[in-house]
Amino acid sequence: MSKYPFHQIEKKWQQHWEEHKTFRAKEDPSVPRERRAYVLDMFPYPSGSGLHVGHPEGYTATDIYCRYLRMKGYNVLHPMGFDSFGLPAENYAITTGTHPRITTEQNIEKFRSQIKGLGFSYDWDREVSTHTPEYYRWTQWIFLQLFKRGLAYESDTPINWCPDCLTGLANEEVIDGACDRCGTQVRRKTIRQWILKITEYADRLLEDLEKLDWSDAIKAMQRNWIGRSEGANVRFSVERSEETLSVYTTRPDTLFGATYMVLAPEHPLVKKITSDEQREAVEAYLEKAEKKSDLERTDLAKEKTGVFSGAYAVNPVNGKSIPIWIADYVLISYGSGAIMAVPGHDQRDWEYARKYHIPVVEVVQGGDVEQEAYEGTGINVNSGFLDGLQTEEAIESMINWLESKGLGERAVNYKLRDWVFSRQRYWGEPIPLVHCSSCGIVPVPEENLPLMLPEVDSYTPSGTGESPLAKIDDWVNTSCPNCGEAAKRETNTMPQWAGSCWYYLRYLDPRNDQEFASQECIDYWMPVNLYVGGAEHAVLHLLYARFWHKVLYDLGKVNTKEPFMRLVNQGMITSYAYQRRDKSLVPHDEVEETESGAYVEKHTREPVEPVVAKMSKSLKNVINPDEIIESYGADSMRMYEMFMGPLQVSKPWSTKGLTGVYRFLDRVWRLSQREVTDGQPPQHLLKLLHKTIKKVSVDTGNLDFNTAIAQMMVYINELFKQEGLCRSLWEPFILILAPYAPHLAEELYQQLGHHSSLAYAEWPGWDEQLCREEETEVVFQVNGKVRAKVMMSADADEQAMKQSALDHEKIRKWIDGRDIVKTIAVPKKLVNIVVK
RNA sequence: GCGAGAGUGGUGAAAUUGGCAGACACGCUAGACUUAGGAUCUAGUGCCUUACGGCGUAAGGGUUCAAGUCCCUUCUCUCGCACCA
């Protein structure tokens with residue numbers, strides 16, 4: 001066993017912090033606003049498999065940052081909790097009959113102890129779990145506010161139905177046509193759903209992104225998801241019919257080029273306008289389209305299919321009669337579910353027109369519409385009153401024309417769709433509404449919240465689309481809060497996103513039973529200064545949370561338009577796996593290393609190559625943090641995760657690599673066993689100390705933890721070479737090590753005679769004078785190639801540098817007898833002599 | 001297909017404004033030492049070359065006294081979106 005007693009040290013200090021409530025955050029009004037920091041981690045779903053090495057990465061990063069800020073004198077709020085409603089616990093309940101609360105709370109227990117084992121400086125007094133009635137009371141309360149503002153509505157729209165989970169899924173939860181959770185192929189089913197009108201906030205969600213200190217990549221993803229576009233709605237009349245057909249277009253300037261129209265198969269007008277001759281063909285096509293899953297409909301994009309409806313519309317600008325087709329390349333869920341097709345200037349329409357021999361008309365110059373659609377801008381032709389106009393003017397002119405004739409108007413469209421908010425599930429927040437036959441939908445009075453999740457006999461969904469709650473008659477049957485007559489409760493529950501939409505607010509005031517959080521606490525801490533989590537939540541969670549926050553802002557309940565000022569996404573921690581020649585992957589335990597250092601598959605002796613892959617159970621390359629902590633200690637685990645590389649990029653785990661930081665900490669420990677003296681330290685070490693303090697301070701503030709650690713290693717390697725141990729070189733180092741390896745640092749700090757925790761000790765400053773070098777190495781180059789290196793005074797001027805280079809004997813060898821064209825000197829760096 | 005990002009030793013990676021490519025760590029090699037440990041310590045370690053020196057940041061080209069860094073072309077990988085009218 002090692003000399004470094006991390007087991008003992010880590011246990012001791014974790015107990016100390018817990019007993020002394022070292023990291024409790026208080027709303028101290030004497031701390032000015034700019035010295036307060038709210039640093040937030042994305043809270044975990046407490047799954048049955050416990051923590052994996054990915055969780056501690058972000059948590060370690062924020063912990064280091066928080067510990068650093070505390071030592072810099074900041075008042076820091078750093079809470080942790082659990083996103084504890086969710087499908088796995090319920091699916092487990094369905095198969096075993098165990099109440100999801102029981103499994104969930106066991107899992108929370110396990111997660112909490114694992115997280116505590118890493119020595120994170122959370123204020124545990126603020127812990128929240130979304131499944132507790134004290135918490136979901138306020139989730140329900142916020143839902144009621146949305147409902148009262150008209151932001152929640154019922155709709156019978158077709159939804160994505162997972163036949164395995166027997167539940168509806170939001171569009172966003174369907175990945176490649178399969179259920180996000182269980183992978184089952186999703187089907188369409190029509191069901192009554194609660195929907196939240198997030199689209200009403202689309203513009204603000206888009207605009208307010210500007211102010212946020214988020215990566216451009218994440219902002220771009222959100223922008224893309226919201227998908228705002230500007231254009232016009234145009235109404236076409238249908239020949240021999242009273243109907244009008246409304247379409248959305250971003251290119252009203254191409255209206256003269258619209259030679260046909262297309263309806264999505266689900267469009268309500270399809271049945272009304274289809275002619276008798278075409279009815280059979282249309283019905284056959286509709287049936288085919290219905291059977292296609294979304295996956296097929298999007299994947300079969302290469303070959304567009306459709307059918308003529310037999311009906312014609314009138315192009316309002318030129319009175320021409322144009323055919324109306326039905327095709328599934330038009331989506332019912334975007335725009336009006338119908339388009340005007342301009343084959344000259346839209347590639348999809350072009351392909352379709354070619355296939356069905358529909359005329360292609362050029363109305364914007366710039367391409368060759370015989371070869372392909374021209375989607376760019378240019379001068380309008382064949383366009384009546386638009387002829388000769390540039391695209392931008394043509395668009396304006398056409399919109400004005402449409403508006404003046406009452407045939408259309410300027411319009412904005414979004415890809416973003418409203419949020420399907422109900423789940424036919426047991427393990428979620430009950431939606432606090434009552435259906436009354438005379439009063440309609442009535443909210444449960446706020447003073448009666450929480451609406452408790454009742455106990456049930458069976459967690460199995462009814463299979464009809466209703467949640468297990470529908471089977472409990474004495475819960476479902478209630479009286480109307482309004483008129484007192486018999487009424488029925490809403491039996492849908494909320495999705496898992498609900499609880500995570502506002503948890504960062506509950507941490508501010510977690511035991512408040514009067515409101516979700518007091519104004520004082522919100523004012524004191526908000527907004528979140530730094531939010532760290534996985535990129536997988538880049539769109540959904542962050543968009544939903546921002547939406548709820550804006551609603552609360554409109555209600556006057558929060559003081560900021562945006563909840564999270566700075567967002568950092570940590571990269572994924574991957575692992576090595578082994579790959580056969582045919583690129584298939586081999587599980588970890590079926591590979592062994594040969595004597596020559598190559599890898600072979602055990603039973604076939606086939607050579608395999610190590611490659612980086614996601615950790616997965618099937619590849620058996622999952623790293624368990626408990627084992628790492630047991631063998632190397634939490635401080636090593638923390639430091640290694642930060643040493644691997646930049647926080648934001650994904651990087652492969654290597655337990656061998658971890659031994660590097662373990663050895664470093666062991667070396668620090670062995671240093672501490674030397675006698676500490678009070679003498680004057682050697683100048684070169686003092687200078688190195690100050691450079692180290694500077695680099696660690698700057699890098700920690702920028703979350704560049706890997707380079708900060710490297711610098712501490714450099715320092716310790718030098719310090720180790722010196723005999724003895726100078727207190728003035730040692731104590732500041734312990735303080736800068738503290739955020740990274742807090743257990744060891746506390747122990748060493750105590751060894752130096754301190755009696756309290758270093759958690760609030762003053763972060764050491766550095767002396768800029770000592771960080772400066774009097775002498776630097778200067779490179780002499782001839783034609784850009786390094787020919788000599790010399791030490792020179794840092795303030796040598798360019799002239800002196802040039803002269804010294806020209807006089808240098810190695811340089812003379814290269815320049816003698818040649819013409820010097822030019823000489824460049826860069827102070828402290830180099831001299832370059834250009835010769836011919 | 002579109003969009004974003006990335007390609008640096010055997011490996012993870014460093015490298016203000018263009019200014020010594022490879023810090024730090026793993027691994028490897030040699031030696032020392034021993035309380036034989038998951039040790040530890042010392043030295044070495046980009047490639048070619050006995051040396052002088054040459055070549056090296058995915059490939060090719062360009063700008064510059066000087067390019068990992070700036071510009072152009074190509075390739076590969078990762079992520080996101082996927083008929084958004």
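Among contacts in chain A between residues at least 6 apart in sequence, 71% join residues at least 24 apart, where contact means heavy atoms within 4.5 Å. The model is predicted, so local features need pLDDT of at least 70 and side-chain atom pairs count only at pLDDT 80 or more, while totals for chains, interfaces and linings use all residues. Residues are numbered from 1 along each chain as its sequence is written, chains are lettered from A and ligands numbered from 1 in the order in which they are written, and side-chain values use heavy atoms, with hydrogens and water left out.

**Overall fold**

Chain A contains 27 helices and 35 strands; these are DSSP runs numbered from the N terminus, helices being H or I of at least four residues and strands E of at least two. Along the principal axes, the C-alpha atoms of chain A fill a box of roughly 100 × 85 × 70 Å. Of its 836 residues, 54% count as buried. Buried means under 20% relative accessible area, exposed over 50%, and partly exposed in between, with a 1.4 Å probe and protein chains only.

**Interior**

In soluble globular proteins, nonpolar side chains tend to be buried together. A nonpolar core is here a set of buried Ala, Val, Leu, Ile, Met, Phe, Trp, Tyr and Cys residues joined through side-chain atoms within 4.5 Å. The largest such core has 178 residues, of which Trp548 and Trp730 touch the most other members. Beyond its neighbours within four places in sequence, tryptophan 548 is in contact with residues including Ile142, Leu196, Trp419, Phe421 and Trp502. Another core, of 47 residues, lies apart from the largest one and has Ile322, Ala341, Leu386 and Leu402 among its members.

Glutamine 222, in helix 7 (residues 216-226), is buried, with a relative accessible area of 0%. Not counting residues up to four places away in sequence, glutamine 222 touches Leu209, Trp214, Ala538, Val539, Leu542, Leu543 and Arg546. Tyrosine 531 belongs to strand 22 (residues 530-534) and is likewise buried, at 0% relative accessibility. Its contacts, with residues up to four places away set aside, include Leu40, Tyr503, Leu542 and Phe564.

Six of the seven residues of strand 24 (residues 573-579) are buried, so the strand is largely enclosed by the rest of the structure. Two strands pair if DSSP finds at least two bridges between them. The pairings of strand 24 are as follows.

| Partner of strand 24 | Sense | Bridges |
|---|---|---|
| Strand 25 (residues 585-586) | antiparallel | two |
| Strand 28 (residues 607-613) | antiparallel | five |
| Strand 29 (residues 651-652) | parallel | two |

Threonine 574 stands opposite proline 652 in strand 29, serine 575 opposite alanine 613 in strand 28, and tyrosine 578 opposite valine 586 in strand 25.

**Backbone features**

Most residues other than glycine have a negative phi, and most peptide bonds are trans. The peptide bond from leucine 449 to proline 450 is cis, with omega near 0°, and so is the bond from methionine 526 to proline 527. Proline 527 is placed in the loop between helix 16 (519-525) and strand 22.

Asparagine 783 has a positive phi of about 50° and is partly exposed, with a relative accessible area of 40%. Lysine 828 has a phi near 70° and is partly exposed at 45%; the loop that holds lysine 828 runs between strand 34 (820-826) and strand 35 (830-835).
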